[in-house]
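Okay, everyone, thanks for coming.

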Amino acid sequence: MTMTIRNLTRRFGQTEVLRGIDLTVEKGELVALLGPSGSGKTTLLRIISGLDWPDAGQLTVAGGDWLAKKAEERRTGFVFQHYALFPHMKVRDNIAFGLTVLPRDRRPPPVQIRARVAELLQFLQIPHLADRYPSELSGGQRQRVALGRALAIDPEVLLLDEPFGALDAQVRRDLRRWLREVHDATGTTTIFVTHDQEEAFELADRVVVMGAGQIEQIGRPDEIYDHPASPFTARFLGLTV
Ligand code: ADP
């Protein structure tokens, strides 16, 4: 679904954390929000998912006003850096979770939920993990499961907040390739937050460079590398203008 953000602002006390964000994410795109710590990336994701609210501005998805919807009325999938898997549930039940808590009129019958989970386990290449508990998984495996849980409801928008941030370099590289494959197969509109430029530039169709609550530049990775639009972008990427 196309997502359009217009002139979004968010203040915490005196601090303007988002200062007029304008961004359009096309249906099926994978966009990386790239910027240093404190630039407002997480705040923007929280507003999109309905965990936080802007002071002003618009947010529409497929033409519908998302600011008029509560978090549970928006079809978003969310993956955090620190695995929010339920420790007392097996992998299959973690993945099923989002479906089991849907309102009664939208909740599939148990047999369909089981089939959807089986399909996702195959698709994400983790069928062998189905009956394990999160404590029995590696960090990388947990994030694969977390993505399965986020995808189970077939979200309109998938939001990933530094999902690989806590993992070591090789696992990150493997997961990056895997995520790109999953994305290409599902075509889910995806926003990926990272402060790691290599990750953003390798994964994303377009990169959104953020600094101090505003967007410094939006473009394809090669466009940004070849033509950094501001001294901030150039400095942040370690380029010279
Ligand atoms: P990033 O994800 O780019 O690191 P954040 O969106 O987490 O940035 O934070 C941007 C700024 O907003 C930071 O200065 C942070 O301290 C501040 N901030 C975020 N959430 C709150 C909050 N609930 N109350 C006060 N300040 C906040």
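Predicted model: local features only at pLDDT ≥ 70, side-chain atom pairs only at ≥ 80, totals over all residues.

On the H2 side the contact residues are Arg 92, Ile 95, Ala 96, Leu 99 and Thr 100, and across from them H3 brings in Ile 113, Arg 116, Val 117 and Leu 120. By class that contact comes out as six nonpolar, one polar and two charged residues.

And the geometry? H2 and helix H3, which is residues 110-123, have axes that come within 10 Å and cross at roughly 130°. The two are therefore oblique to each other, and H2 goes past H3 in a right-handed crossing.

Mean pLDDT for the protein is 93, with 99% of the residues at 70 or more. For the overall scores, we have ipTM 0.97 and pTM 0.93.

Now stay on H2, residues 91-100, and look at its contact with H4. Here the axes come within 6 Å, and the crossing angle is roughly 30°. At that angle, H2 counts as roughly parallel to H4. The handedness of this H2 and H4 crossing is right-handed.

Which residues do the meeting? From H2 you have Val 91, Asn 94, Ile 95, Phe 97 and Gly 98, and from H4 you have Val 145, Gly 148 and Arg 149. Sorted by class, the H2 and H4 contact has four nonpolar residues, three polar and one charged. Ile 95, by the way, is on the list for H4 and also on the list for H3.

Next, H4 and H5. H4 is residues 139-151, H5 is residues 169-186, and their axes come within 11 Å with a crossing of roughly 20°. So H4 is roughly parallel to H5. This crossing, H4 with H5, is right-handed. H4 contributes Gly 139, Gly 140, Gln 143, Leu 147 and Leu 151, while H5 contributes Val 171, Asp 174, Leu 175, Val 182 and Thr 186. In class terms, the H4 and H5 contact is five nonpolar, four polar and one charged.

Last stop, the ligand. What surrounds it? The shell is made of Phe 12, Val 17, Gly 35, Ser 37, Gly 38, Ser 39, Gly 40, Lys 41, Thr 42 and Thr 43. How does that shell split by class? Seven of the residues are polar, two are nonpolar and one is charged.

And which element gives the largest share of the shell? That would be helix H1, residues 41-49, with three residues.

Okay, that's my tour. If you'd like to go back over anything, I can bring up the H2 and H3 contact again, with Leu 99 among the H2 residues and Leu 120 among those of H3.

Key
Residues numbered from 1 in each chain as written. Near = placed C-beta within 6 Å. Helix = DSSP H or I, 4+ residues; strand = E, 2+ residues; numbered from the N terminus. Nonpolar A, V, L, I, M, F, W, Y, C, P; charged D, E, K, R; others polar. Axes fitted to C-alpha atoms, helices over the stretch in contact; angles between N-to-C directions. Parallel < 35°, antiparallel > 145°, perpendicular 65-115°, else oblique. Left-handed = near helix turned anticlockwise from the far one by under 90°. Contact = placed C-beta atoms within 7 Å. pLDDT = per-residue confidence, 0-100.
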